[in-house]
Amino acid sequence: MFHHRHHHLNHDKILAIVPAYNEEEGIEQVIASLQKYAPYADILVVNDGSTDDTRLLAENAGAAVLHLCSNLGIGGAVQTGYRYAAEYGYDYAVQIDGDGQHDPADLAKLLCCMRKTGADMVVGSRFIEKEGFQSTFARKLGIDLLGGLVTRLTGKRITDPTSGYRLCNRRAIALFAQQYPTDYPEVEALVMLDNCQLSFQEIPVVMKERQGGVSSISPLQSIYYMCKVILAILMMKTRKKKMWEMSHET
């Protein structure tokens, strides 16, 4: 059904998952950038029920496209990508946002870090070296609060818990294919990994301002977002490790 290019780095199969909802303004550039800077990766655009031309533009740009008939939100779209990665036996899956914020040129650094440290997930952080687009003051305060809470809960320092630029290995792919938070999933996913005794590591990356579309979190939703995410990660932390019951050691 899908065409895989199979240009793999060191024979590893790498999938770039691009969740996209009404990203017609920037999706072609995101795909072109991936093809230029990460030619060893297969590209999967998960078209999350877009009402614009995202699907058509992505297909014409040469990406495989999974079209969701209704809008599942970022959690459902990303999990669809992980399920695809698990189904087709990918060694690594990287999430690249469809709005152009993430630079595919940094993917090689994420891969290098994962191979060097053995981490199950590597997160690109814009706040370690504080280069490129940062965030608004209010949003940065919220991110710092969430980062401090996750650091306290997991015992692992995290500076950019809302970053969607993250690379997963087979173990993390298998976990997220089975279960993944629905709303605002990035922060919860970190605690979920830790609950299941999987590890994560941050490295510095440079992010850009989004090239088009609308952020999934408007200013008016920020208070709801903070309350929801804090409650969700506190509840998740109390669940212990009962959810990780698969026998898939690699």
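Analyst: The side chains of Asp120 and Asn169 are joined by a polar contact of 2.9 Å. A polar contact is a pair of N or O atoms within 3.5 Å; within protein, one must be able to donate a hydrogen and the other to accept it, and residues adjacent in sequence count only if both atoms are side-chain atoms. The model is predicted: local features need pLDDT of at least 70, side-chain atom pairs pLDDT 80 or more, while totals for chains, interfaces and linings use all residues. Residues are numbered from 1 along each chain as its sequence is written, and side-chain values use heavy atoms, without hydrogens and water.

User: Is Asp120 buried or exposed?

Analyst: Asp120 is buried, at 5% relative accessible area. Buried means under 20%, exposed over 50%, partly exposed in between (1.4 Å probe, protein chains only).

User: New topic. How many aromatic pairs are there?

Analyst: Seven, from a search of the whole structure. Rings of Phe, Tyr and Trp (its six-membered ring) pair if their centres lie within 6.5 Å; planes under 30 degrees apart are stacked, over 60 edge-to-face, the rest tilted.

User: Why is the pair of Tyr82 and Tyr180 tilted?

Analyst: Their planes are at 55°, so the pair counts as tilted; the ring centres are 5.8 Å apart. Both Tyr82 and Tyr180 are buried.

User: And what about Tyr184 and Tyr225?

Analyst: That pair is edge-to-face, because the planes are at 80°, with centres 4.7 Å apart.
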